[in-house]
Amino acid sequence: MAAADTELQRKVWEPRELRGDTWYHSRVGPLDLWVKRFPGDWYVAYERQQTRERVRQQPAPLHPAQTMARVDALTWNRWVAGEDSNRIQLVPAMPDRSLVIRPRYPLNVPRTKEVLFFVNIPVWVRVLVGLPDATRLCELPTVVLSNTWFGDPITGELCYSLKTKAPRHLHMVEKHAYMAVCPVLIRNLAATDLDFQRICIRVEHLNVYRGETRLWTNQVEVQFHGEDQTSQIFSGRRAPDFDEAAERICEAREPADRSLLKKSFFFLKSLTGI
Amino acid sequence: MLQRAFQELVKFFTLDKLQQLILAVLVAVVGLILLRFLSALIKRMTRKYLSQQYSMLVRKAIQYTGAVVVLFIILSVLGVKINALLGAAGIVGIAVGFAAQTSMSNLISGLFLISEKPFQIGDVIKVGDKSGVILSIDLLSVKIQTFDNQYIRIPNSLLLNTELTNVTRFPIRRLDIKLTVSYRTDVTRLREVLLAIAGTNTFCLDEPEPLIVFADFKESGLEFLFGVWFHRSDYLGLKNSIMQQIKERFETEGIRFAFPHRSLDTDAVPLPVALVGSGRSPSRKAARRPAEK
């Protein structure tokens, strides 16, 4: 990614002061966002263009809209706000549901071996206004992922589906302003090989970090103990080692420890029916 | 005579009797208030630990028991002999039991339904040709709200003895669509098109994967079963969108739906057709001939 692109990617996520009489436009991957500040109100509209050309296009931080042609054609949402601040910030967040990652080709991990691969996760754009006491107006996915079911048809859960090439080396991971890279480490601690076709990543426990040239999430480690035993999944507590200087820009939707307890109790509840 | 009756009445209501009456009214009022308070307290306490049905059951049991206790206290205050009353109540109970068989059946069925839990409030059920959302599960009946906003009361005994479908029991469902296409259809291409439709429909789940079954060779076409999975809340959105997508995509791809028709095949190709006469029907010709002569 060129230096100019890197600079643009950083600016997309920085806070801005808006003038009250101007329509603003931002582009984050396939997502186009329009914003306007009226006295007492905020107006937001969006649309997506999920084409190959758009995906490769540079991001655009909030800037006065070049043309008003789209403004009237859009569906606007309106929020009542105080008169205090015209500051706005777009923040990248993880999707609101777990992700089922499916490698393009099934991955076979021999016993006692481990494999590290990277997954590019499309972020959601969180619109925060009234900084520093931020009020969240809305959250918009940059890419609308398809739904999938993880688990059996009776007790599973609804997730998003994401296919990945599962690159093993960072330089093979495409750089996109709207994608956060999640390193996934799988350790096969079982006595048999692991034929891995899909994995469910609890992205709601992951933070988003802004690095030099990319967005990151915490590293996820999966310990496989055998098909008849539950695998253990750990989320790192800081930025991954690949970019230690990355600063946390968005906290996880749910802290990991609390959710683990919650899942355990839900399992007990389903056993007793109470 | 009226005056005499009035005098008898005044003689009956002595001071003692009036005191008893006032006490009885007080007991009734206080008793009912206490029962309501108790019912509200139990509802609050059991909300977190018991399901709505069990909570309702516990409250009803306490309410009815409490009402009977209050009634006996009132009767005792009024000086009525309880023992004789209990004896008579036994006989009356047998008579009422025979008369109220249906109600008792519904009551017992209600208890079975509550313990078996085939559904709960908020579920969508189908009973016979009726379907709707369950509003309440009571001791004698279940109330449902249909999708066109009608209120239906279904006796519990009917529910217990009938086949019932709980549409929303499980979180995901499969929508099965039967498609009959022309015999000239490229089956491989058809599968690709159907999978592509499922892939682009936002309501279809990626997994479990869509199901395509080559079901049968029918009289007029090839029959396929196309099954797509969806979250139970997306039924209407999926049904409308996928039907439209199938129609539009089939038109684009030149895939034809089958319709009843007959094909006539002979050994000679093409089938020779010769025009005979001026096109009038033979019966008209025969009718006209005598006149022409």
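Here are legends for a handful of close-up views of this predicted model.

**View 1. Helices α2 and α3 of chain B pack side by side.**
Start with helix α2 (residues 15–46) and helix α3 (residues 52–77) of chain B: their axes come within 9 Å and cross at roughly 165°. Angles over 145 degrees count as roughly antiparallel, and α2(B) and α3(B) are therefore roughly antiparallel to each other. The crossing of α2(B) and α3(B) is right-handed.

**View 2. A closer look at the residues between α2(B) and α3(B).**
On the α2(B) side, the residues in contact include B:Leu23, B:Val27, B:Gly31, B:Leu35, B:Leu38 and B:Ile42. Facing them from α3(B) is a set with B:Val58, B:Ile62, B:Gly66, B:Val70 and B:Ile73 among its members. Look, too, for B:Gln20, B:Ser39 and B:Lys43 in α2(B), and for B:Ser55, B:Arg59 and B:Gln63 in α3(B), which also belong to this contact. Sorted by class, the contact of α2(B) with α3(B) has 14 nonpolar, seven polar and two charged residues.

Most peptide bonds are trans. B:Pro208 sits in the loop of chain B that runs between α7 (187–200) and β7 (211–217).

**View 3. A:Thr112 has a positive phi out in the open.**
A:Thr112 isn't a glycine, yet its phi is positive, at about 70°. Most residues other than glycine have a negative phi. You'll find A:Thr112 in the chain A loop between β9 (107–109) and β10 (114–122). With a relative accessible area of 62%, A:Thr112 is exposed.

**View 4. A:Ala166 also has a positive phi, but it is buried.**
The phi of A:Ala166, another residue other than glycine, is near 55°. Its place is the loop joining β14 (157–164) and β15 (179–188) of chain A. The relative accessible area of A:Ala166 is 10%, and since under 20% means buried, A:Ala166 counts as buried.

**View 5. Stepping back to chain A, with its three helices and 22 strands.**
Of the 274 residues in chain A, 49% are buried. Take the contacts in chain A between residues at least 6 apart in sequence: 75% of them join residues at least 24 apart. The accessible surface of chain A is about 14500 Å², and carbon and sulfur atoms account for 50% of that surface.

Terms used: Residues are numbered from 1 along each chain as its sequence is written. Chains are lettered from A and ligands numbered from 1 in the order in which they are written. This is a predicted model: local features need pLDDT of at least 70, side-chain atom pairs count only at pLDDT 80 or more; totals for chains, interfaces and linings use all residues. Side-chain values use heavy atoms; hydrogens and water are left out. Axes are lines fitted to C-alpha atoms, for helices over the stretch in contact, and angles run from 0 to 180 degrees between N-to-C directions. Helices (H or I, at least four residues) and strands (E, at least two) are DSSP runs, numbered from the N terminus. Angles under 35 degrees count as roughly parallel, over 145 as roughly antiparallel, 65 to 115 as roughly perpendicular and the rest as oblique. A crossing is left-handed if the near helix is turned anticlockwise from the far one by less than a right angle, and right-handed if clockwise. Contact means heavy atoms within 4.5 Å. Ala, Val, Leu, Ile, Met, Phe, Trp, Tyr, Cys and Pro count as nonpolar, Asp, Glu, Lys and Arg as charged, and the others, Gly among them, as polar. Buried means under 20% relative accessible area, exposed over 50%, partly exposed in between (1.4 Å probe, protein chains only). Accessible areas come from the Shrake-Rupley method with a 1.4 Å probe; for residues, only the protein chains shown count as cover.
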